[in-house]
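Please open the structure in the viewer and keep the selection panel at hand. The stops below proceed from one selection to the next.

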Amino acid sequence: MKAQLLTMSTPDGPFTILARDGVVLASGWTAELGKLTGQIHPDLRPAEVEAVTDLGTISQAVEAFYAGDPTPAMAVPVLQKSGPFRSHAWDVLRTVRPGAPVTYTEYADLSGNPKAVRAAASACAFNAAALFVPCHRVIRTDGSLGGFRWGMAVKESLLAREATEGLLAREAV
């Protein structure tokens, strides 16, 4: 299977997307393909990769996010493969509202197993499709950021951006 590779410039640094047929396989704040492919389930790893200059609605969703609208990124199809809890937990992440992060404990509860806090944290750690599956919206119970594969500065920037967007949306109502 052949996948398309696009690296976009963002305020948080290069953002690279690996997609196949309009579906995101992996993405993150890096310009290095190798930093993305290790997160992809072996059954989904592409045999070939071609560099492209645009990914249509996927590229547009990233541009919209950085222009202040995080909604289109949640509509971008994503393909990840894992066990039932982790797969469900990734779907749940896409329902967490921008500007309203949840704790790992709340995330475990939302995912259907309040006692599975470590499993919920693991779902964040193994998420290959950053931004499109917004694991950055999960924080520690004490309010600290916790970890983020792409660095704490990027997580802090994303959350600050979404907090501002959430405030603006609430003020518009």
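Begin by selecting helix H2 (57–66) and colouring its buried residues, namely Ile58, Ser59, Ala61, Val62, Ala64, Phe65 and Tyr66. Buried denotes under 20% relative accessible area, exposed over 50%, and partly exposed in between (1.4 Å probe, protein chains only). Helices (H or I, at least four residues) and strands (E, at least two) are DSSP runs, numbered from the N terminus. With seven of its 10 residues buried, H2 is mostly covered. After H2 comes Gly68, which has a positive phi near 115°.

This is a predicted model: local features need pLDDT of at least 70, side-chain atom pairs count only at pLDDT 80 or more, and totals for chains, interfaces and linings use all residues. Residues are numbered from 1 along each chain as its sequence is written, and side-chain values use heavy atoms, with hydrogens and water left out.

Next, select Ile17, Trp29, Ile58, Val62, Leu93, Tyr107 and Phe132, which touch the most other members of the 47-residue largest nonpolar core. Such a core is a set of buried Ala, Val, Leu, Ile, Met, Phe, Trp, Tyr and Cys residues joined through side-chain atoms within 4.5 Å. H2 gives the most to this core, five residues.

Then centre on Phe132. Beyond four places in sequence, its contacts (heavy atoms within 4.5 Å) include Ile58, Ala61, Val62 and Ser27.

Finally, select Ser27 in strand S3. Ser27 has a relative accessible area of 0% and is therefore buried. Its side chain reaches the backbone oxygen of Ala130 at 2.7 Å.

Methods
Polar contact = N/O pair within 3.5 Å; in protein donor to acceptor, adjacent residues only side chain to side chain.
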